[in-house]
Amino acid sequence: QVQLIESGGGLVQAGGSLRLSCAASGRTFSNCALGWFRQAPGKEREFVSGISWSGSNTYYADSVKGRFTISRDNAKNTVYLQMNSLKPEDTAVYYCAAAVRKDHTIVIVTEGRYDYWGQGTQVTVSS
């Protein structure tokens, strides 16, 4: 079992930055692929970024590519999402997710393939 707790959300002006963190407890997630998703009001939850459990591979949605950076610190059981050049359309609840996998290189983009989810943290970008 893995418990995930996100933090770092808040209100920021367009063009600003935020760094989200997701800390795991209950078991180490060094053998988990990790991901960030978001859900805006009235919309489906969507993939934002993912990272393999080795950290060697990452993947981003086109909408955030070049602005967001995902990273992980397995020693701290934490995954991060650095968000720069934020836009009002980035406003959403952001969720982290973990998927237990033997393949240390895999990045998972499909919501249904994740095993554990956090409760989410609100990010609001004002124009």
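**Notebook: loops, cysteines and sheets**

Entry 1. I looked up Ser 85 and placed it in the loop between β8 and β9. Strands here are DSSP runs of E of at least two residues, numbered from the N terminus (helices would be runs of H or I of at least four). I note that the model is predicted, so I kept to the rule that local features need pLDDT of at least 70 and side-chain atom pairs count only at pLDDT 80 or more, while totals for chains, interfaces and linings use all residues. I number residues from 1 along each chain as its sequence is written, and side-chain values use heavy atoms, with hydrogens and water left out.

Ser 85 has a positive phi of about 50 degrees, although it is not a glycine. Most residues other than glycine have a negative phi. I recorded Ser 85 as partly exposed because its relative accessibility is 40%. My scale is buried for under 20% relative accessible area, exposed for over 50% and partly exposed in between, with a 1.4 Å probe and protein chains only.

Entry 2. I then checked Asn 77, which is found in the loop between β7 and β8. Its phi is near 55 degrees, again a positive value in a residue other than glycine. Asn 77 counts as buried because its relative accessible area is 16%.

Entry 3. How many disulfides does the structure hold? I found 1 disulfide, taking the term as a pair of cysteine sulfur atoms within 2.5 Å. The disulfide joins Cys 22 to Cys 96, with S to S at 1.9 Å. The pair links distant parts of the chain, since Cys 22 sits in strand β3 (residues 18-25) and Cys 96 in strand β9, 74 residues apart. The link of Cys 22 and Cys 96 is right-handed, with 40 degrees about the S-S bond. Cys 22 is buried at a relative accessible area of 0%, and Cys 96 is buried with a value of 0%.

Cys 32 is in no disulfide, and the nearest cysteine sulfur, that of Cys 22, is 11 Å away. Cys 32 is buried as well, with a relative accessible area of 0%.

Entry 4. From Cys 32 I went to Lys 102: their C-alpha atoms are separated by 8.1 Å, and the two residues are 70 apart along the chain. Lys 102 lies in the loop between β9 (92-100) and β10 (116-117). Is Lys 102 buried or exposed? I logged Lys 102 as exposed because its relative accessibility is 83%.

Entry 5. I traced an open sheet of 4 strands in the order β1-β3-β8-β7, with antiparallel pairing. Two strands pair if DSSP finds at least two bridges between them. β1 (3-7) and β7 (68-73) stand at the edges with a single partner strand each, so one side of each is left without a neighbour in the sheet. On average, neighbouring strands of this sheet are turned by 15 degrees against each other, direction ignored. The axes are lines fitted to C-alpha atoms (for helices, over the stretch in contact), and angles run from 0 to 180 degrees between N-to-C directions.

Bridges by strand pair:
- β1 and β3 run antiparallel and are joined by 5 bridges; Ile 5 stands opposite Ala 23 in β3.
- β3 and β8 (residues 78-83) pair in the antiparallel sense over 6 bridges; Leu 18 stands opposite Met 83 in β8, and Arg 19 has Gln 82 as its bridge partner in β8.

Entry 6. Arg 72 has its place in strand β7. I found Arg 72 buried yet without a salt bridge; the nearest side chain of opposite charge, Asp 73, is 8.2 Å away. A salt bridge needs a side-chain nitrogen of Lys or Arg within 4 Å of a carboxyl oxygen of Asp or Glu. For charge, Lys and Arg count as positive and Asp and Glu as negative, with His and the chain ends not counted.

What does the side chain of Arg 72 reach? At 2.8 Å it reaches the backbone oxygen of Ser 52. The side chains of Arg 72 and Asn 74 are joined by a polar contact of 2.7 Å. A polar contact is a pair of N or O atoms within 3.5 Å; within protein, one must be able to donate a hydrogen and the other to accept it, and residues adjacent in sequence count only if both atoms are side-chain atoms.

Entry 7. Last, I looked at strand β11 (residues 121-126). Its covered face holds Thr 121, Val 123 and Val 125, and its uncovered face Gln 122, Thr 124 and Ser 126. Strand β2 (residues 10-13) runs parallel to β11 and is joined to it by 4 bridges; the bridge partner of Val 12 in β11 is Val 125. β9 pairs with β11 in the antiparallel sense over 3 bridges, and Tyr 94 stands opposite Thr 121 in β11.
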